[in-house]
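Welcome to this guided tour. Keep your viewer open, and select each part as we come to it.

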Amino acid sequence: MCLNTMHVNNFKKCVDNKILQWLLRRSFVRCLHVLQFGISHSHWTHPNVYWSYSQRSFHSKKIQRPVGGGRPLVNQDDIFKCNNWDNVEWNAEQERSAKEITENQWKSKLSQEKIDEYEKQAGTHWDTFYGIHQNRFFKDRNWLFTEFPELLPPPDEGCGNNIKPQETCVVNDSSFNLLEVGCGVGNTVFPVLKTNQNPNLKIYCCDFSPTAIEIVKGHPDYNQDRCNAFVCDISDEMSATPISDNSLDIVTIIFVLSSISPEKMQYVVNRLTRYLKPGGTILLRDYGRYDMAQLRFKQGRCLSENFYVRGDGTRAYFFTQDELKQMFEKAGLVEKQNLIDRRLQVNRGKQLKMYRVWIQCKYVKPC
């Protein structure tokens, strides 16, 4: 039975235990979603359905959030009724304002000496980042299997889904090899290992932070028979990998290409394309042009057009769909998906609006 707001508030007055208060609030939010989306109590307690607190959405093998989101903002008066709205279109004034902000950022571009210094110290800054935060900063990407069903096992593996498995042109090859580039502390790797029990699955994962790789190898779910984690700067041709050409079914680069200098991005895409089997796929999700994170950069943080350095020394580029299309097609890949994901996140308490822009791509190596 759902608790209404009056019952929650009255009961909270009698409760001193903060943990119980948190559980109560979370249960109330669940009840609101049950009313809003018509999901029964039995559905959200089913083991195949889980609550993602950070995403504020339900995910299930039977009840899945549509790719790119399924909560459009139809009535502007409803804007503060939910925390997240999908597929939010910008008006001309928003586009003009965002462009003006980025042009002003560009006017205070850093000196070439500082740009070279950040490039030289790129690995050090990420290693320091993981040394400080360990595995506490990023959360496991449980949305992966909604946006990238290619990472799921085939239906006959007993996973209960009806999504077509990754197709490949390789004949008589039972292996299924995946590379996660810029794996960090394993927020993609371990959800895949846990969900995909394909006995032929082998995951390679690399990062140029030795600290991050140490954390991955120390994870209780790390299994050397199914996973090979190694240090590598994928943008450096002198940085070797244990991967042969034409050997990978899938390469994932999730919020990674944006951290690499723009002049090195094409080399990275070309290199990853070499590793793919014919029919193999590169899966990318990254920052889009005029994302909230870009517009929040202060003066003196711009390295080059749409490329910035954060306060901790790590860097971020903000893409357009055309830029990524040209990059992947120049490497000889064929477009399967190239979409822009615009979301509006709101802080209902402070009445704040936060516009997020991400780009999601799938490009295939021809047979």
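How many disulfides does a search of the whole structure find? The search finds 0 disulfides. Keep in mind that this is a predicted model. A disulfide is a covalent bond between the sulfur atoms of two cysteines. C205 is buried, with a relative accessible area of 0%. Now click on C361, another buried cysteine with a relative accessible area of 0%.

**The whole protein**

Zoom out and colour by secondary structure. The protein has 12 helices and 13 strands. Of its 367 residues, 48% count as buried. Among contacts with a separation of 6 or more, 71% are between residues 24 or more positions apart.

**The sheet**

Next, select the strands β3, β12, β13, β8, β7, β4, β5 and β6. In that order they form an open sheet of 8 strands, with mixed pairing. Which strands stand at the edges? They are β3 (84-86) and β6 (227-231); each has a single partner strand, so one side of each is left without a neighbour in the sheet. On average, neighbouring strands here are turned by 15° against each other, ignoring direction.

Select β7, residues 248-254. How many of its 7 residues are buried? The count is 7 of 7, so to speak a mostly covered strand. β7 runs parallel to β8 (residues 276-287), with 6 bridges joining the two. It also runs parallel to β4 (residues 176-181), joined by 3 bridges. Click on V251: this residue stands opposite I282 in β8, and V251 is also the bridge partner of L179. Then find I254, whose bridge partner in β8 is R285.

**Helices on the sheet**

Show helix α12, residues 321-330. This helix lies across β7, β8, β12 (334-347) and β13 (352-364), and runs at about 20° to β13. While you are there, select E329 and K325, which form a salt bridge with their closest N and O atoms 2.9 Å apart. The two are 4 residues apart in α12, about one helical turn. E329 is partly exposed at 38% relative accessibility, and K325 is partly exposed at 30%.

**More charged side chains**

The count for the structure comes to 16 salt bridges. Go to helix α5 (residues 112-120), where K114 and E117 sit 3 residues apart, about one helical turn. Their closest N and O atoms are 3.7 Å apart, and they form a salt bridge.

Now select E150 and K336, a salt bridge with the closest N and O atoms 3.4 Å apart. This pair links distant parts of the chain: E150 is in the loop between α7 (144-147) and β4, while K336 is in strand β12, 186 residues apart. E150 counts as buried, at 6% relative accessibility. For a network of salt bridges, select E93, R96 and E100.

**Last stop: R271**

Select R271 in helix α10 (residues 262-275).

Note on methods. Residues are numbered from 1 along each chain as its sequence is written. This is a predicted model: local features need pLDDT of at least 70, side-chain atom pairs count only at pLDDT 80 or more; totals for chains, interfaces and linings use all residues. Side-chain values use heavy atoms; hydrogens and water are left out. Two strands pair if DSSP finds at least two bridges between them. Axes are lines fitted to C-alpha atoms, for helices over the stretch in contact, and angles run from 0 to 180 degrees between N-to-C directions. Contact means heavy atoms within 4.5 Å. A disulfide is a pair of cysteine sulfur atoms within 2.5 Å. Buried means under 20% relative accessible area, exposed over 50%, partly exposed in between (1.4 Å probe, protein chains only). A salt bridge is a side-chain nitrogen of Lys or Arg within 4 Å of a carboxyl oxygen of Asp or Glu.
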